[in-house]
Amino acid sequence: MTDSSQPAGAESRTRKKTTAKKTRSSGEHAEPSAPRRTKRLRPADAIREARAQLSELTGKPVDAVSTFSATENGWRLEVEVLELTRVPDTMSLLASYEVTLDSEGILTGYQRLRRYERGRSDDRASG
């Protein structure tokens, strides 16, 4: 039995409005998405990204990547950058930078570790 204070059919109109609101609000939220799984970058792509992004940030050409390793959060690389061109080329100044990338290949940080002449042997302890 319906409430006599409401005109006939008012109850069904109220119910339709409520249903329409629910439909509209659920339409605003797209289908529930599965947890986003980050695709880990391949090593060759990580090296390419590190070279391109470091060169863009420093404005200097990348000469080589000397070390590369995966980390828990992405990648760590040591990159050699040509800082100053001299003649002869063996006198040019290079710098080693430590570069970190996240798992998607976005550069998250870099730090210059040392500068050296191209023709000089490495005085750091190896291995």
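**Stop 1: Ser66**

Select Ser66, which at 41% relative accessibility counts as partly exposed; buried means under 20% relative accessible area, exposed over 50%, and partly exposed in between, with a 1.4 Å probe and protein chains only. Ser66 is found in strand β1. Helices (H or I, at least four residues) and strands (E, at least two) are DSSP runs, numbered from the N terminus. Not counting residues up to four places away in sequence, Ser66 touches Glu78 and Glu80, where contact means heavy atoms within 4.5 Å.

The model on display is predicted: local features need pLDDT of at least 70 and side-chain atom pairs count only at pLDDT 80 or more, while totals for chains, interfaces and linings use all residues. Residues are numbered from 1 along each chain as its sequence is written, and side-chain values use heavy atoms, with hydrogens and water left out.

**Stop 2: the whole chain**

Switch to a cartoon view of the protein chain, which has two helices and four strands. Along the sequence their pattern is α-α-β-β-β-β. Colour by accessibility next: buried residues make up 24% of the 127 residues. Among the contacts with a separation of 6 or more, 40% are accounted for by residues 24 or more positions apart.

**Stop 3: helix α2**

Select α2, residues 43–58. This helix has 16 residues and reaches 22 Å from its first C-alpha to its last, close to the 22 Å expected at 1.5 Å a residue; the expected span is 1.5 Å times one less than the number of residues. Which residues of α2 are buried? They are Ala46, Ala50, Gln53, Leu54 and Thr58. Seen down the helix axis, these buried residues fall within an arc of 115°, so they line one face of α2; the arc is that of the directions from the helix axis to the C-beta atoms. An α-helix has 3.6 residues a turn, so residues three or four places apart point the same way. The cover over the buried residues of α2 includes β1 (62–70), β2, β3 and β4 (107–117).

For a contrasting position, select Ala52, which also lies in α2. At 46% relative accessibility, Ala52 counts as partly exposed. Its C-alpha is 8.1 Å from that of Val62, 10 residues apart in sequence. After the helix comes Gly59, whose phi is positive, near 75°.

**Stop 4**

Return to Leu54 in helix α2, which at 0% relative accessibility counts as buried. Beyond its neighbours within four places in sequence, Leu54 is in contact with Gly59, Val79, Val81, Tyr97, Val99, Leu107 and Tyr110. Between Leu54 and Val81, 27 residues apart in sequence, the C-alpha distance is 8.9 Å.

Leu54 is one of the residues with the most contacts inside the largest nonpolar core, together with Val79, Val99 and Leu101; this core has 14 residues. A nonpolar core is a set of buried Ala, Val, Leu, Ile, Met, Phe, Trp, Tyr and Cys residues joined through side-chain atoms within 4.5 Å. At least two of the core residues come from each of α2, β2 (74–84) and β3 (93–102). Centre the view on Val99 next; with neighbours within four places in sequence left aside, its contacts are Ala50, Leu54, Trp75, Arg76, Leu77, Val79, Leu107, Gly109 and Tyr110.

**Stop 5: aromatic rings**

The structure holds two aromatic pairs. Show Phe68 and Trp75: their ring centres are 5.0 Å apart and their planes at 20°, so the pair is stacked. Rings of Phe, Tyr and Trp (its six-membered ring) pair if their centres lie within 6.5 Å; planes under 30 degrees apart count as stacked, over 60 as edge-to-face and the rest as tilted.

Move to Arg114, which lies over the face of Tyr116, at 4.3 Å from the ring centre. A charge sits over a ring if NZ of Lys or CZ of Arg is within 6 Å of the ring centre and within 35 degrees of the ring normal.

**Stop 6**

Select Arg112 in strand β4, which is partly exposed at 41% relative accessibility. Arg112 touches Glu83, Ala95, Ser96 and Tyr97, not counting residues up to four places away in sequence. Finish at Pro88, in the loop between β2 and β3. The peptide bond from Val87 to Pro88 is cis, with omega near 0°.
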